[in-house]
Amino acid sequence: MPIRETAIDLDGVQALLFTSANGVTHFFRRLFKLGGDLRRVGHLKLACIGPATAEALAEYHLHSDVVPAKDYTSEGLATALAPLSSEAATPELRQFLSAMG
């Protein structure tokens, strides 16, 4: 089955990381096309790589929990996400954030 026809499975997901405004748009178009709504992401932490991506998220009336202060790169996003690697994060998330630096 082509990926564009598969459901978006958010079970067990703690956060969504968006690295472009286009990624935000395509994610929500797919979510809505498959019958989902904003309640599917209401419990998740949302992170954006920069202000333009955060603005795209805001078009869906959602606000990013994390946006790098000035380094709008994957490294900057990983650094901004570092506080999430607390005890509340799953071992998988802590491992991912640790690997990102």
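**Close-up views of a predicted model**

**View 1. Histidine 61 in its loop.** Histidine 61 counts as exposed because its relative accessibility is 69% (exposed means over 50% relative accessible area, buried under 20%, partly exposed in between; 1.4 Å probe, protein chains only). The residue lies in the loop between α2 and α3 (74–81). Helices (H or I, at least four residues) and strands (E, at least two) are DSSP runs, numbered from the N terminus. Phi of histidine 61 is near 60 degrees, a positive value in a residue other than glycine. Most residues other than glycine have a negative phi.

This is a predicted model: local features need pLDDT of at least 70, side-chain atom pairs count only at pLDDT 80 or more, and totals for chains, interfaces and linings use all residues. Residues are numbered from 1 along each chain as its sequence is written, and side-chain values use heavy atoms, with hydrogens and water left out.

View 2. Thr53, Ala54, Ala56 and Leu57 are buried in α2 (residues 51–58). They lie on the same side of α2, because they cover an arc of only 155 degrees around the axis (the arc of the directions from the helix axis to the C-beta atoms). Ala52 and Glu55 are exposed on the other side. The cover over the buried residues of α2 includes β1 (15–18), α1 (21–33) and β2 (45–48); contact means heavy atoms within 4.5 Å.

**View 3. Glutamate 55.** This residue of helix α2 is exposed, with a relative accessible area of 54%. The C-alpha atoms of glutamate 55 and valine 24 are separated by 9.8 Å. Along the chain, the two residues are 31 residues apart.

**View 4. The largest nonpolar core.** The core has 16 residues (buried Ala, Val, Leu, Ile, Met, Phe, Trp, Tyr and Cys joined through side-chain atoms within 4.5 Å). Leu16, Phe18, Phe27, Phe28, Val41 and Leu57 touch the most other members. β1, α1, β2 and α2 each supply at least two residues. α1 gives the most, with four. Apart from this core lies another, of five residues, among them Ala47, Ile49, Val66 and Leu81.

**View 5. Strands β1 and β2.** β1 and β2 run parallel, joined by four bridges (strands pair if DSSP finds at least two bridges between them). Alanine 15 has lysine 45 in β2 as its bridge partner. Leu16 and Phe18 form the covered face of β1; Ala15 and Leu17 form the uncovered one. β1, α1 and β2 make a right-handed β-α-β unit: with the strands pointing away from the viewer, the path from the first strand over the helix to the second runs clockwise.
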